[in-house]
Amino acid sequence: MPAPISLDDHEALARTVLDDNAWAYFAGGAADEICMAANRQAWNALRLLPRVLRPTAGGHTRVELLGRTLAHPILLAPVAYQRMAHPDGELATAVAASAQEAGFVLSTQSSLLLETVARAVRDDADRGPMWMQLYLQHDAGFNRELVQRAEAAGYEALVLTVDAPCHGARDRERRADFHLPPGISAVNLATLPPRTAPVLRPGNSALFDDLLHIAPTWDDIARLQAQTRLPVILKGILHPDDARQAAHLQVGGIIVSNHGGRTLDSAPPTAELLPRIADVLAGHLPMLVDGGIRRGTDVLKAMALGASAVLVGRPYIFGLANAGAQGVAHVIRLLRDELEIAMALCGVTTLDDLPDDLLI
Ligand code: FNR
């Protein structure tokens with residue numbers, strides 16, 4: 001197969017590198033994968049209307065986010081169990097992100113310790129933001145400890161994922177009989193005390209009468225904010241009223257996301273909801289977005305719809321599978337180069353003040 005020159009090329013190459021088990025996990029979505037496909041279709045359906053003969057020399061991709069200036073608005077979304085894609089796992093991802101001045105979000109279900117990953121890059125001069133994603137667990141003491149560990153390791157924000165109170169219906173994984181290979185686990189959860197499940201009576205539901213008792217609610221947000229000096233970013237907001245509620249709680253930001261189509265199938269694509277959420281937030285809160293972003297033009301479209309930055313998930317995992325840290329770096333570089341080309345061809349020089357008529 002020729003060397004990859006696009007994110008889709010990386011995906012095609014990764015299919016030849018990953019076994020069926022890992023492929024089902026990394027590439028799949030929920031159920032019929034309607035949401036996963038719709039994410040991409042929604043970006044594709046938007047059109048950029050270029051302006052010509054404008055001076056664009058001296059343009060740049062820099063953006064401001066949570067008090068920092070970033071070289072560009074591309075971050076790596078939290079993805080679990082990365083050692084299943086490549087032996088270097090999350091370490092390679094963090095190093096590549098740093099080299100490409102991209103932010104990254106480490107998953108709670110990282111296959112390497114959060115301290116190991118942070119130590120490798122936290123003192124790099126030009127690295128992007130280093131954030132830690134949280135899935136709240138059933139043990140409040142453990143959650144507090146995890147937050148303290150993230151703070152001590154140097155993470156700069158906590159990303160609380162709110163769209164996965166339970167697993168989606170992952171047909172692809174079930175068909176492939178997905179299992180974590182030996183030696184790969186959520187090492188940051190190793191000290192989590194076991195949970196004793198209640199005995200369910202006939203007619204009760206394992207989901208509603210057991211598992212969902214530990215799913216986070218709005219009350220947990222203020223509690224988490226009180227436990228940490230770090231900004232709390234909510235990942236997985238789709239309804240404008242939820243965005244309003246997040247703003248009311250003065251969270252650090254939100255990520256408009258449907259988990260890459262892995263949770264609720266038939267959830268709307270993020271590109272469709274972004275304008276409505278932008279209206280609600282009116283610039284008062286950083287608004288990031290992910291789901292199906294595969295081209296620099298998609299990044300520019302997201303920014304034109306009011307995003308503060310974007311995240312990509314699967315594409316960098318495919319880069320990781322293909323060539324470790326170099327593969328991840330290549331994916332970020334491709335996307336950034338494409339973003340610059342799209343900006344130049346649209347006649348825009350910066351991302352912070354994109355014209356309203358850029359999109360039709
Ligand atoms: C994810 N995602 C995810 N999100 C999260 O908050 N915590 C996690 O541990 C994971 N794990 C995870 C594993 C895999 C294999 C995938 C593909 C995704 C969701 C991820 O952060 C992001 O929202 C989507 O991947 C974005 O969509 P694209 O770019 O993959 O289309």
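In which loop is Ser308 found? Ser308 sits in the loop between helix H11 (296-304) and strand E10 (309-312). The structure is a predicted model, in which local features need pLDDT of at least 70 and side-chain atom pairs count only at pLDDT 80 or more, while totals for chains, interfaces and linings use all residues. Residues are numbered from 1 along each chain as its sequence is written. Helices (H or I, at least four residues) and strands (E, at least two) are DSSP runs, numbered from the N terminus.

**Annotated span**

- For residues 1-360, an unreviewed UniProt entry lists "domain: FMN hydroxy acid dehydrogenase"; UniProt positions are given in the numbering used here, feature names are shortened, and annotations may be inferred rather than shown by experiment.

**Surroundings of the ligand**

- There are 23 residues around the ligand, and Ala77, Ser107, Thr161, Gly260 and Gly313 come nearest; a residue is near a molecule or strand if its C-beta atom, placed from the backbone, lies within 6 Å of it.
- The shell around the ligand divides into eight nonpolar, eleven polar and four charged residues.
- In this division, Ala, Val, Leu, Ile, Met, Phe, Trp, Tyr, Cys and Pro count as nonpolar, Asp, Glu, Lys and Arg as charged, and the others, Gly among them, as polar.

**Packing of helix H4**

- Helix H4 (residues 89-99) packs against helix H5 (residues 114-121) at an angle of about 30°, with the axes 9 Å apart. H4 is therefore roughly parallel to H5, and H4 passes H5 in a right-handed crossing.
- H4 also packs with helix H12 (residues 314-346), at an angle of about 20° and with the axes 7 Å apart. This makes H4 roughly parallel to H12, and the crossing of H4 and H12 is left-handed.
- Axes are lines fitted to C-alpha atoms, for helices over the stretch in contact, and angles run from 0 to 180 degrees between N-to-C directions.
- Angles under 35 degrees count as roughly parallel, over 145 as roughly antiparallel, 65 to 115 as roughly perpendicular and the rest as oblique.
- A crossing is left-handed if the near helix is turned anticlockwise from the far one by less than a right angle, and right-handed if clockwise.

**Buried and exposed positions**

- A residue is buried if 20 or more other C-beta atoms lie within 10 Å of its own, exposed if 12 or fewer, and partly exposed in between, with C-beta atoms placed from the backbone.
- Ser308 is buried because 25 other C-beta atoms lie within 10 Å. The C-alpha atoms of Ser308 and Val63 are separated by 7.5 Å, although the two residues are 245 apart along the chain.
- Glu90 belongs to helix H4 and counts as buried, because it has 28 C-beta neighbours inside 10 Å. Between the C-alpha atoms of Glu90 and Leu113, 23 residues apart along the chain, the separation is 9.1 Å.
- Ile5 lies in the segment before helix H1 (7-17) and counts as exposed, because it has 10 C-beta neighbours inside 10 Å.

**Positive phi values**

- Most residues other than glycine have a negative phi.
- Gln250, although not a glycine, has a positive phi of about 55°. Gln250 is in the loop between helix H9 (240-248) and strand E8 (253-256), and counts as partly exposed because it has 13 C-beta neighbours inside 10 Å.
- Ser266 likewise has a positive phi, near 75°. Ser266 is in the loop between E8 and helix H10 (270-281), and is exposed, with 12 other C-beta atoms within 10 Å.
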